[in-house]
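Visitor: Hi! Could you walk me through this one in plain words?

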Amino acid sequence: CEAARAEFAESPWLAVVRTAGEARAARTAGKLYAFLAVEGMDAIGTDLEGIDCYADFGVRLGMLTWNGENALAAGAGCDPEQGLTGLGRRAVRRMRERGMILDVSHLNRRGFWDALEVSEGAVLASHSNCAALCDVPRNLTDEQLRAIRDCGGVVGVNSFHGFVHREARQQTVETLALQFPALYGGPNARKAVRQEKSLNYAVKSGIIIPYVQIAAKELKAWK
């Protein structure tokens with residue numbers, strides 16, 4: 001934690017925020033801002049007080065696991081029927097109590113449904129695509145996407161080539177563009193993007209609002 005605080009202190013152009021109000025204030029001040037997230041909670045082992053440590057430090061988004069298995073859950077690379085452990089269910093409740101949003105992007109199928117059952121509120125899939133367009137374990141089925149929509153959650157697009165299309169020759173920006181109307185628009189939006197085959201068209205026409213992840217080194221170049 002101290003090392004992270006030191007890095008933040010060296011980056012006055014970046015505001016670490018915890019609430020929407022703080023984000024708006026940072027934007028008004030002309031600063032880039034970031035919500036802290038944890039991708040996998042292997043570090044806490046079986047001690048749920050680790051979630052309190054994350055929350056106290058300012059973390060607002062959290063994944064129980066990455067693609068593998070830990071004491072809380074099984075990831076996308078594991079048996080799809082394994083799901084959350086009893087401790088994992090308690091972890092989801094603790095996150096909710098501490099104001100942290102559960103990120104389901106790396107959970108397997110059973111874990112996803114277990115998490116929605118326990119979370120009692122909105123969840124986030126920060127970087128997952130539509131499985132109907134690229135059927136791999138890390139992408140989400142239409143049923144999962146609808147469930148996230150219905151609980152008030154958000155899905156962010158992932159530009160990793162293996163999640164865009166299974167065939168290498170189809171792993172293009174044009175194919176990636178099809179993910180946006182599939183996730184955020186209806187059949188007319190999907191048809192429009194297919195016809196234009198342009199990500200720029202999709203953005204300019206207002207069909208999509210893409211979720212963008214920017215590496216820290218790129219952010220530093222913009223300061």
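**A chat about loops, helices and rings**

Guide: Glu-120 is found in the loop between helix H5 (109-119) and strand E5 (124-125). Helices (H or I, at least four residues) and strands (E, at least two) are DSSP runs, numbered from the N terminus. This is a predicted model, where local features need pLDDT of at least 70, side-chain atom pairs count only at pLDDT 80 or more, and totals for chains, interfaces and linings use all residues. Residues are numbered from 1 along each chain as its sequence is written, and side-chain values use heavy atoms, leaving out hydrogens and water.

Visitor: Is Glu-120 buried or exposed?
Guide: Glu-120 counts as exposed, because its relative accessibility is 72%. Buried means under 20% relative accessible area, exposed over 50%, and partly exposed in between (1.4 Å probe, protein chains only).

Visitor: And what is phi of Glu-120?
Guide: It is near 55 degrees, a positive value in a residue other than glycine.

Visitor: New topic: at what angle do the axes of H3 and H4 cross?
Guide: The axes of helix H3 (residues 49-57) and helix H4 (residues 86-97) cross at roughly 30 degrees and come within 10 Å. That makes H3 roughly parallel to H4. Angles under 35 degrees count as roughly parallel, over 145 as roughly antiparallel, 65 to 115 as roughly perpendicular and the rest as oblique. Axes here are lines fitted to C-alpha atoms, for helices over the stretch in contact, with angles from 0 to 180 degrees between N-to-C directions.

Visitor: Which residues meet there?
Guide: Glu-49, Ile-51 and Asp-52 in H3 meet Ala-91, Arg-94 and Met-95 in H4, where contact means heavy atoms within 4.5 Å.

Visitor: Which residues of H3 are buried?
Guide: They are Gly-50, Ile-51, Asp-52, Tyr-54, Ala-55 and Phe-57. Their cover includes helix H1 (2-9), strand E2 (32-39), strand E3 (59-63) and H4.

Visitor: What follows H3?
Guide: Gly-58 does, and its phi is positive, near 115 degrees.

Visitor: How many aromatic pairs are in the whole structure?
Guide: A search finds four. In one of them, Phe-112 and Trp-113 have ring centres 4.9 Å apart and planes at 85 degrees, so the pair is edge-to-face. Rings of Phe, Tyr and Trp (its six-membered ring) pair if their centres lie within 6.5 Å; planes under 30 degrees apart count as stacked, over 60 as edge-to-face and the rest as tilted.

Visitor: How accessible are Phe-112 and Trp-113?
Guide: Phe-112 is buried, at 1% relative accessibility, while Trp-113 is partly exposed, at 32%.
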